[in-house]
Amino acid sequence: METLDILKIAARALDSKKAIDLQAIKIGDLTIITDFFLLATATSSTHVRALADEVEEMLSRAGVEPNHIEGKATGWILLDYGSVVVHVFDRKSREFYQLERLWNDGESYDLSGMLADGAPSSGGDNQ
């Protein structure tokens, strides 16, 4: 499956479960780690797990399985799909780790065209 297809499915899954501040950062030109980081904030630890589970379920239905998952019992779950790494944070963890700041040389990627209704995600800062 193509990178943008994985990104689209994951973004839609997060948006459908009311993820907050959904952002994609294109970092493929900066590192060999991945092409995109997809970041989302949840309102509670239960919401963190629900968001991660939804991404995993929707991509699995599309025939894509994660290479690795980290943090299932924490406030930050990472789902590694190779070309797309999904980070689901609780509010405190997102503020503490500030991946947007760490990867500010990356290119902000507008997700609005990928979401089911075409509107920006709730609370998102899509540039």
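Two strands are said to pair if DSSP finds at least two bridges between them. The exercises below apply this to a predicted model.

**Exercise 1.** Determine in which sense β2 and β5 pair, and which residue of β5 is the bridge partner of L39.

*Solution.* Step one: locate the strands, β2 at residues 36-42 and β5 at residues 84-90. Step two: count the bridges; there are seven, and the pairing is parallel. Step three: find the partner of L39 within β5, which is H87.

**Exercise 2.** State the order of the strands in the open sheet, and identify the edge strands.

*Solution.* Step one: the order of the six strands is β3-β4-β5-β2-β1-β6, with mixed pairing. Step two: β3 (68-70) and β6 (107-109) each pair on one side only, and they are the edge strands. Step three: on average, neighbouring strands of this sheet are turned by 20° against each other, direction ignored.

**Exercise 3.** Describe which strands helices α1 and α2 lie across.

*Solution.* Step one: α1 (residues 3-16) lies across β1 (20-26), β2, β5 and β6, and runs at about 5° to β2. Step two: α2 (residues 45-61) lies across β2, β3, β4 (76-80) and β5, and runs at about 160° to β5.

**Exercise 4.** Decide whether Q23 is buried or exposed, and name the side chain with which the side chain of Q23 makes a polar contact.

*Solution.* Step one: Q23 belongs to strand β1. Step two: its relative accessible area is 13%. Step three: buried means under 20%, so Q23 is buried. Step four: the side chain of Q23 makes a polar contact with that of R94 (3.5 Å).

Terms used
Residues numbered from 1 in each chain as written. Predicted model: local features only at pLDDT ≥ 70, side-chain atom pairs only at ≥ 80, totals over all residues. Heavy atoms only, no water. Helix = DSSP H or I, 4+ residues; strand = E, 2+ residues; numbered from the N terminus. Axes fitted to C-alpha atoms, helices over the stretch in contact; angles between N-to-C directions. Contact = heavy atoms within 4.5 Å. Buried < 20%, exposed > 50% of the residue type's maximum accessible area, 1.4 Å probe, protein only. Polar contact = N/O pair within 3.5 Å; in protein donor to acceptor, adjacent residues only side chain to side chain.
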